[in-house]
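Please look over the structure shown here before reading on. The paragraphs below then lead through it part by part.

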Amino acid sequence: MGLKADFLLTIMKLFDVYPLNDIEIVNGQGSLIWDSNGQEYLDMYGGHAVISIGHTNAHYVQRLTNQLNKIGFYSNFIKIPLQVQLAEKLGKISGREDYQLFLCNSGAEANENAFKLASFANKRKIIVSFTKAFHGRTSLAVSATDNPKIIAPVNQTPNVVFLPFGDVMALENYFAENGNRVSSVIVEGIQGVGGIQVAGDAFLQTIRKMCDAFGAYFIADSVQCGYGRTGKFYAHDYAQVNADIYTMAKGMGNGFPVAGISISPKLSPWYGMLGTTFGGNHLACAAALAVLEEMETNNLMQNALTVGNYLITELKKIPQVIEVRGRGLMIGIELPQELAHIKADLLFKEHIFTGEAKPNVIRLLPALNLSKAHADRFLTAFSKLLNN
Ligand SMILES: Cc1ncc(COP(=O)(O)O)c(C=O)c1O
């Protein structure tokens, strides 16, 4: 009897890993979202850099709806022409038409595949990563992430080496001693979780040089900083270097889970080398195509650069701000400790979503079609809070 009563009272709970704000978002349009009480918010966060062309973008909704009415999914043993269209468009817009596309489902999975691909090709084991890097939470991706708290004992490996981010000499010294054992070097063009830290041109150029000299592969993690967010398709493009593998996810599907790796012609596939059940399904490709079409039609990379530059210039004028970092619409605003409350004030007093990075950086990762009016709305609210 007791057992039965206990059983009836038990309901399945969510595995409680996320500290949640007491807000339920029910609608969105462009860079605006509304909660269940009808309160409007300005979305300067894009759900962690995911919303690239705006919430419920009309072209996106139409393309996904049309596709869903035809077929949503079939797996990778039949031809899926949408994948070919996506590869063609991505190659063109990213200026890498000679590269090859492998589709998967998340940023971590993209990085995981990049590491495997490099290791298959040069038969080596060492991955070079950098301090404060974030590359995801699956096995190798988390091993290459500089956060011991999220690395489980089973993920600990001597195969990942961390060097200081941005330190050209440390990189050259490491390669001089160990270069022949390095399989790949992975680096974000702008570190996101690490606090919006831009990788310098000389640093990225040295990675290219070392990889070429020692037969290692350059993996450009573009999961957060890529896909046009900085005004160039890949943030690494600012240094005018080519990576061997670009990994991408977040903005790629505007909220639909889709990810990919763009692979240099140096690397050749063989049947069975990589694989996935869901990757590259019809709906995912329709979402990714809708994003690229919208980016192209409305020149969204240029908008990200223009509105981003405007925000950066205006933010730099604010005396309380310690530093403004980033490019385009990937912006970090470093505040002093006594202003640590500003992020919560933006949300609860001014109804603006932003992101954060430890210890005290506000991260802006809005949709690439953020309007100047919405940028001004953010600037006005931010200044008002700082001056109160
Ligand atoms: C630079 C970078 N790489 C990889 C990832 C992992 O992506 P996902 O959460 O889609 O696995 C993230 C996620 O925040 C990221 O910022």
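The model is predicted. Strand E2 (residues 32-35) and strand E3 (residues 40-43) run antiparallel and are joined by 3 bridges. Within this part of the sheet, Ile-33 lies opposite Tyr-41 of E3.

The next element to find is helix H3 (residues 58-70), to be viewed together with helix H9 (residues 282-297). Their axes come within 9 Å and cross at roughly 155°. Angles over 145 degrees count as roughly antiparallel, and H3 and H9 are therefore roughly antiparallel to each other. The crossing of the two helices is right-handed. On the H3 side, the contact is made by His-59, Tyr-60, Arg-63, Leu-64, Gln-67 and Leu-68. These residues meet His-282, Leu-283, Ala-286, Ala-287, Leu-289, Ala-290, Glu-293 and Glu-294 of H9. Sorted by class, the contact between H3 and H9 comprises 8 nonpolar, 3 polar and 3 charged residues.

A second pair consists of helix H7 (residues 168-178) and helix H8 (residues 201-214), whose axes come within 10 Å and cross at roughly 10°. Because of that angle, H7 is roughly parallel to H8. From H7, Val-168, Leu-171, Glu-172 and Phe-175 take part in the contact. From H8, the residues involved are Ala-202, Phe-203, Thr-206, Ile-207, Met-210 and Phe-214. By class, the contact of H7 with H8 holds 8 nonpolar, 1 polar and 1 charged residues.

The last stop is the ligand. Which residues are the closest to the ligand? They are Gly-107, Ala-108, Gly-136, Val-223 and Gln-224, out of 14 residues that surround the ligand. Helix H5 (residues 107-122) gives the most to this shell, with 3 residues. By class, the shell around the ligand is made up of 5 nonpolar, 7 polar and 2 charged residues.

Technical notes: Residues are numbered from 1 along each chain as its sequence is written. This is a predicted model: local features need pLDDT of at least 70, side-chain atom pairs count only at pLDDT 80 or more; totals for chains, interfaces and linings use all residues. Axes are lines fitted to C-alpha atoms, for helices over the stretch in contact, and angles run from 0 to 180 degrees between N-to-C directions. Helices (H or I, at least four residues) and strands (E, at least two) are DSSP runs, numbered from the N terminus. Angles under 35 degrees count as roughly parallel, over 145 as roughly antiparallel, 65 to 115 as roughly perpendicular and the rest as oblique. Two residues are in contact if their C-beta atoms, placed from the backbone, lie within 7 Å. Ala, Val, Leu, Ile, Met, Phe, Trp, Tyr, Cys and Pro count as nonpolar, Asp, Glu, Lys and Arg as charged, and the others, Gly among them, as polar. A residue is near a molecule or strand if its C-beta atom, placed from the backbone, lies within 6 Å of it. A crossing is left-handed if the near helix is turned anticlockwise from the far one by less than a right angle, and right-handed if clockwise. Two strands pair if DSSP finds at least two bridges between them.
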